[in-house]
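Me: I have a structure open and would like to learn how to read it, one feature at a time. Could you walk me through it?

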Amino acid sequence: MAEKPTAAFVLSLISGIFILLGGAVIAAIGATIFAFVPAVGIVLGVIGLASGVLVLVGAIMLYMHTEQHVTWGIIILVFSILSIFTSLGGFLIGLILGIIGGALGIAWKPQPMPFPGYVAGYPAGFGPYGPPPTPVAPSGYATPTTVGVSASTPTTAEVPAFCKNCGAALPPGVQFCPSCGTKVGV
Ligand SMILES: [Zn+2]
């Protein structure tokens, strides 16, 4: 629906019908007035009818070949305006609708296709790719959970493992060496 210039197509189609009717009236008037010169009446009628046909063709081509929307929009616009001279302006309705339809056709842009994964639920989950894999430690290495536990005790980080003075093993958190009494750290 949104990928077609529907509004421009419908307006231009109605415009073309009214310009065609205006052209038919011009043809009838021309045939009457210029009855003594049939060629003039025929030419007037043909030009008037052709304007309506061209607007109709422009509307259909605009709808079928949307990539040429600028070209057909201009054709609708130009022949709608020319209908002032050729087809009584399509009783004014054809003129106005043709100008609007042609302008809409020129300005029309195709709707960009939304990324399917995004609409399908990318914000809610992880789309078609599924949840992220749970980390698995390679064989021979400790599992990640034990690393996390030991890292969450930061007080032991500053305490040296052994006394600088006597070399005795120090329990975590002590300020003085339990063996020789030297201050730990610094
Ligand atoms: Zn010591």
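Reply: Happy to! Let's start with what a contact is: two residues are in contact if their C-beta atoms, placed from the backbone, lie within 7 Å. Keep in mind that this is a predicted model. Counting contacts with a separation of 6 or more, 59% of those in the protein join residues 24 or more positions apart.

Me: Which secondary structure elements does the protein have?

Reply: There are six helices and zero strands. Along the sequence, the pattern reads α-α-α-α-α-α.

Me: How do I describe the way two helices pack?

Reply: Two packed helices are described by the angle between their axes and the distance between the axes. Here, take α1 (residues 6-33) and α2 (residues 38-64): the angle is about 170° and the axes are 8 Å apart. Angles over 145 degrees count as roughly antiparallel, so α1 is roughly antiparallel to α2. Their contact has 18 nonpolar residues, twelve polar ones and no charged ones.

Me: Is Leu56 buried or exposed?

Reply: A residue is buried if 20 or more other C-beta atoms lie within 10 Å of its own. Leu56 has 20 of them, so it counts as buried. Across the 186 residues of the protein, 30% count as buried.

Me: How should I think about a nonpolar core?

Reply: In soluble globular proteins, nonpolar side chains tend to be buried together. In this model the largest nonpolar core has 25 residues, and Val55, Ala59, Leu62, Ile76 and Phe79 touch the most other members. Elements giving two or more residues to this core are α1, α2, α3 (69-86) and α4 (93-107). The most come from α1, which gives nine residues. Have a look at Leu62: beyond four places in sequence, the residues Leu62 touches include Phe9, Trp72, Ile76 and Gly105.

Me: Which residues of α3 and α4 are buried?

Reply: In α3 they include Trp72, Ile76, Phe79 and Leu82. The buried residues of α3 are covered by elements including α1, α2 and α4. In α4, the buried residues are Gly94, Leu95, Leu97, Gly98, Gly101, Gly102, Leu104 and Gly105. Their cover includes α1, α2 and α3.

Me: How do I check the length of a helix?

Reply: Compare the expected span with the distance between its end C-alpha atoms. At 1.5 Å a residue, the 15 residues of α4 should span 21 Å, and the ends are 21 Å apart, which agrees. For α3, 18 residues should span 26 Å; the end C-alpha atoms are 24 Å apart, which also agrees.

Me: What should I look for in the backbone angles between those two helices?

Reply: Most residues other than glycine have a negative phi. Leu88, in the loop between α3 and α4, has a positive phi of about 55° although it is not a glycine. Leu92 lies in the loop between α3 and α4 too, and its phi is positive as well, near 70°.

Me: How many C-beta neighbours do Leu88 and Leu92 have inside 10 Å?

Reply: Leu88 has 21, so it counts as buried. Leu92 has 13, so it counts as partly exposed.

Notes
Residues are numbered from 1 along each chain as its sequence is written. This is a predicted model: local features need pLDDT of at least 70, side-chain atom pairs count only at pLDDT 80 or more; totals for chains, interfaces and linings use all residues. Axes are lines fitted to C-alpha atoms, for helices over the stretch in contact, and angles run from 0 to 180 degrees between N-to-C directions. Helices (H or I, at least four residues) and strands (E, at least two) are DSSP runs, numbered from the N terminus. Angles under 35 degrees count as roughly parallel, over 145 as roughly antiparallel, 65 to 115 as roughly perpendicular and the rest as oblique. Ala, Val, Leu, Ile, Met, Phe, Trp, Tyr, Cys and Pro count as nonpolar, Asp, Glu, Lys and Arg as charged, and the others, Gly among them, as polar. A nonpolar core is a set of buried Ala, Val, Leu, Ile, Met, Phe, Trp, Tyr and Cys residues joined through C-beta atoms within 7 Å. A residue is buried if 20 or more other C-beta atoms lie within 10 Å of its own, exposed if 12 or fewer, and partly exposed in between; C-beta atoms are placed from the backbone. The expected span of a helix is 1.5 Å times one less than its number of residues.
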